[in-house]
Amino acid sequence: MSYRQSPSFTSSSPPYDHHILSKRKLDDYAAYVEDDEDSYLSELVSVRMRRDGISAVRDSSNGSGGGTAFSGSPNLNQVAYRADSLSSPSLVDFRQPECTTTRVQFFIKLISGGNTLVVHANSDDTVGSLLERLHVMTGIPVFEQRLIYRGRELQWDQSLAECSIQNDAGLTMVARMRSTRHPAGWNAIDCMISKIYQLCKGEGVTTPSKYITDRMSDFFSRVPEKNIELQFEYMHIVMASWAPTALVTLYTSTIEGNRECAKHCIKYFLTTSKSDLTESLYIKCAPTIIIEFCKLLRQVGCEDPLYLHCRNTLASLLTKTAVWNGLLIYKGDKEDKEDRGDRGDIRPVIVIQDLFPFVSELANRLSKDLAISMEIPASKGPLLNESKGPSPNESKGPSSNDVRDLVAFLPPIRRAIVEQAGSNCPISMPLNKIGLSHPWQGKKIGLLYVIFVDLLFRMDNCLEKMEDRLRLNANAEGEDACTEWSQYLVILKELNSISKLYQGAEEKFWGRLTHRKASLSMLIIRYAKRTDDNQWLFDHKEVTNFESRRHLAMMLLPDVREDYDELHEMLIDRSQLLSESFEYIARADPDSLHGGLFLEFKNEEATGPGVLREWFILVCQAIFNPQNALFAACPNDRRRFYPNPSSKVDPMHLEYFSFSGRVIALALMHRVQVGIVFDRVFFLQLAGMQLSVEDIREADPLLYNSCKQILEMDAEFIDSDGLGLTFVTEVEELGSRKAVELCLGGKNIVVNSKNREEYVDLLIQHRFVTSISEQVSHFAQGFADILSKSDRRTCFFHSLELQDLDWMLFGTESAICVDDWKAHTDFNGYTETDPQILWFWKIVGEMSEQQKKVLLFFWTSVKYLPVEGFRGLASRLYIYKSSEPHDRLPSSHTCFYRFCFPPYPSEAVMQDRLRVITQEHVGCSFGTW
């Protein structure tokens, strides 16, 4: 009976240290064993041969391979040593030339598999030499072999004669029985591997997957509790038994059903180990086992689905690790040790260099995928808006699985390099000696730099190809995106992180992106997500445009929910607009405002988004009304505001600033342009930035001019005390003026050419920072209350330019374009060629700018158009034909952007009706909902 060959795998795991556990000799069982060999074997049926480090066995007679098994692992095909069938013994001749000692022939029966070897040897040969010869033949390590004769174990230093080995004697070779503190765990794994032996031999096994997974469950259910040393010792059984190698060999078996069985069992092992072990034990023990699976499965193929699954599993658990003194350890251990201030007993999860093969593999695949994706002509390619999807022959671009895994493997490597390089980071390339303590580090640091340069080159070409595609499809309004683009942003983020390790690399990275602003901005708008860490983009506004910066900032705010049950309801009396709005917003729990708002004015039927848009405009007009003393308007631009230093006249002014911050954040969240903008001195403080002379130009032109004169004045004149200035300024409080020192002893410090810059800085700080610091702080806190994460308040403003915020809060300052209006209007009951529609657009075209704004507000409750014009509104506009009599005025449903009027009989009648509703006092009130 012959057996199928299994591929030979070279296991990378260190051999199990048999010195760890004490041994128990089979002599201990001699009292229970009869001299009759068959009786002895029946008593030891539970003893299975353990073969750590078995290599492929060769036929001694012809030198040909007698069958391949595990290399450095349990031999699943040990029956192929020499036997062609189970009934015919193998003849092993150990004869030596010119031997003068007595020759003996005896039989050695292998307890596992029942195979028998016929041996010729000299009577003075030692048992030890015989065991070494058997190791050459079988691959079974010497320390694992036990020769039993007449119920006794033969000792290493005894000769065959001393053991009374006679011709035709029968010996039995069995495995060493280990003394272990985990017999049940060993038994579970032993039973599992035994079943795998049978499957690889082609023996029929009932429900093999269930049997193997049940043994796995039994194994994990017996993990010791609390004692970490016992836990590690217990989990080491998996590697000591070579279980991963056995399972992978089953996976590569050509016998029907074995592959699917192994696939199911390996996935079950990975899943169960994560669910049944504590996080700490899983992170500390699982990586070594998973890496073993990966190394073995990689020989099957880098595209093998099970290999990819194992690689992804390894990548996912790396997020729970940290680098500590060059070791990759469990993150919780590092936190514990830092709290205690000592290193203690930290166990490494895996060795850092074990990650580099994965990084090299993934980087090479990624580079090839990027290169292939660039070969698609700009006019072709798999477009996301094509219903049929990409054809099989077209590039898919970088695999999301590959990118995700690469991004998981790289951070621990980067952290290890930073820790090792220390003050030498960023590192100069080509690499100089920087005191690296490990041989692998210099080579791997260079390898990572090569990966960075290659992928940056590929990405630059891909972004250039993107821009060509965007120019060819300029009218697609952002919909014409290719599938291969989806991973670009993730790759760029990781390249940015790598660039910080090397001198000049960061400048090179951002320099490339500066020339690819259009494509990068498109990637941000389409693929940046709320769950992503986009901080890397906030500090480099020069590589993005307004739309992408707005998108990044808006993702810091919650999404408005559609479910009315989750909205914060308000019922407002128009006559008490500010005070009642304050009570509803300032007193509310911030979380209750994150879903959105539902508002109704008292004694009015209209509700919905249109009413809410009007409320935002009205309440902001009240908040920023200079008569309320909360904010001061800039002298030359009455739309611009900053906190009023004199707001403290109202004892509740700080609470109103918190309220104001919430209202502005809610307006941005609901995408309502409210018609006000912030001055630069206010904006920069919200962004956590310092003020300069140029920043106060709009807020206080007089002070700006004075400061400029002082800075530009002739040095001799100012040193002559011609200005008579000291480090003192005057402030007005409650109608009286008083002098305030700008610094300690300021009244005695004369302004001169050497300290005038300091004087100007202190003057600006006092006027626009110190005097309004409490107001800015409370406004910022109110704004942060609405953000998804309150600690991202500075990020929100820091990610924007001042003009960006202007456009978001105020909208466009351009005149309303009637052609744009028409292009974004649809009809219901009318057609665009009906006389009433032709008259309507003619009349609108002849209106004043103010009348157009009033008509638009009556129609939509939008008083200020977005910077994109009508394209930036939440939906298209609609004109509906109503069945009302001709003497009725037009009506609107502002929530749905619907404008309704009957078929007026003439242009004159229509013009009269439109004239009525475009009067300011009429157009700013609502029609029906």
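**Reading helix packing, strands, rings and backbone angles**

Reply: The axes of helix α7 (residues 258–276) and helix α9 (residues 305–317) come within 11 Å and cross at roughly 5°. This is a predicted model.

Me: How is the orientation of α7 to α9 to be described?

Reply: Go by the angle. Under 35 degrees counts as roughly parallel, so α7 is roughly parallel to α9.

Me: Which residues of α7 and α9 meet?

Reply: From α7 come Lys 263, Ile 266, Lys 267 and Leu 270. From α9 come Leu 306, His 309, Cys 310 and Thr 313. By class, the contact of α7 with α9 holds four nonpolar, two polar and two charged residues.

Me: Now take α18 and α29. At what angle do they pack?

Reply: Helix α18 (residues 546–554) packs on helix α29 (residues 802–809) at about 75°. Their axes are 10 Å apart. Angles of 65 to 115 degrees count as roughly perpendicular, and α18 and α29 are therefore roughly perpendicular to each other.

Me: Which residues make that contact between α18 and α29?

Reply: In α18, Phe 546, Arg 549, Arg 550 and Met 554. In α29, Asp 804, Trp 807 and Met 808. The contact of α18 with α29 has four nonpolar and three charged residues, but no polar ones.

Me: On to strands. In which sense do β3 and β4 pair?

Reply: Strand β3 (residues 103–110) and β4 pair in the antiparallel sense, over seven bridges. For one partner, look at Arg 103: its bridge partner in β4 is Asn 122.

Me: Is strand β4 mostly covered or mostly open?

Reply: General idea: side chains in a regular strand alternate between the two faces of the sheet. In this case, β4 (residues 116–122) is mostly covered, with six of its seven residues buried.

Me: How do I read a positive phi?

Reply: Most residues other than glycine have a negative phi. Tyr 897 has a positive phi of about 60°, yet is not a glycine.

Me: Where is Tyr 897 found, and is it buried or exposed?

Reply: Tyr 897 is in the loop between β21 (891–893) and β22 (898–901). Its relative accessibility is 4%, so Tyr 897 counts as buried. Thr 207 also has a positive phi, near 40°. Thr 207 is placed in the loop between α3 (183–201) and α4 (208–221).

Me: What about Gln 685: buried or exposed?

Reply: The cut-off for buried is under 20%. Gln 685 has 14% relative accessibility, so it counts as buried. Gln 685 is found in helix α23 (residues 680–686). Setting aside neighbours within four places in sequence, Gln 685 contacts Leu 691, Phe 768, Val 769, Ile 772, Val 776 and Arg 793.

Me: Last topic, rings. How many aromatic pairs are there?

Reply: The count comes to 42 aromatic pairs. One of them is Phe 509 with Trp 510, an edge-to-face pair at 5.0 Å centre to centre, with 80° between the planes. Both Phe 509 and Trp 510 are buried. Phe 796 and Phe 797 form an edge-to-face pair too, at 5.2 Å and 75°. Phe 796 and Phe 797 are both buried.

Me: Which residues form one aromatic cluster?

Reply: One cluster is formed by Trp 821, Tyr 830, Phe 840, Trp 841, Phe 858, Trp 859, Phe 870, Phe 899, Phe 901 and Tyr 904.

Technical notes. Residues are numbered from 1 along each chain as its sequence is written. This is a predicted model: local features need pLDDT of at least 70, side-chain atom pairs count only at pLDDT 80 or more; totals for chains, interfaces and linings use all residues. Side-chain values use heavy atoms; hydrogens and water are left out. Helices (H or I, at least four residues) and strands (E, at least two) are DSSP runs, numbered from the N terminus. Buried means under 20% relative accessible area, exposed over 50%, partly exposed in between (1.4 Å probe, protein chains only). Axes are lines fitted to C-alpha atoms, for helices over the stretch in contact, and angles run from 0 to 180 degrees between N-to-C directions. Angles under 35 degrees count as roughly parallel, over 145 as roughly antiparallel, 65 to 115 as roughly perpendicular and the rest as oblique. Contact means heavy atoms within 4.5 Å. Ala, Val, Leu, Ile, Met, Phe, Trp, Tyr, Cys and Pro count as nonpolar, Asp, Glu, Lys and Arg as charged, and the others, Gly among them, as polar. Two strands pair if DSSP finds at least two bridges between them. Rings of Phe, Tyr and Trp (its six-membered ring) pair if their centres lie within 6.5 Å; planes under 30 degrees apart count as stacked, over 60 as edge-to-face and the rest as tilted.
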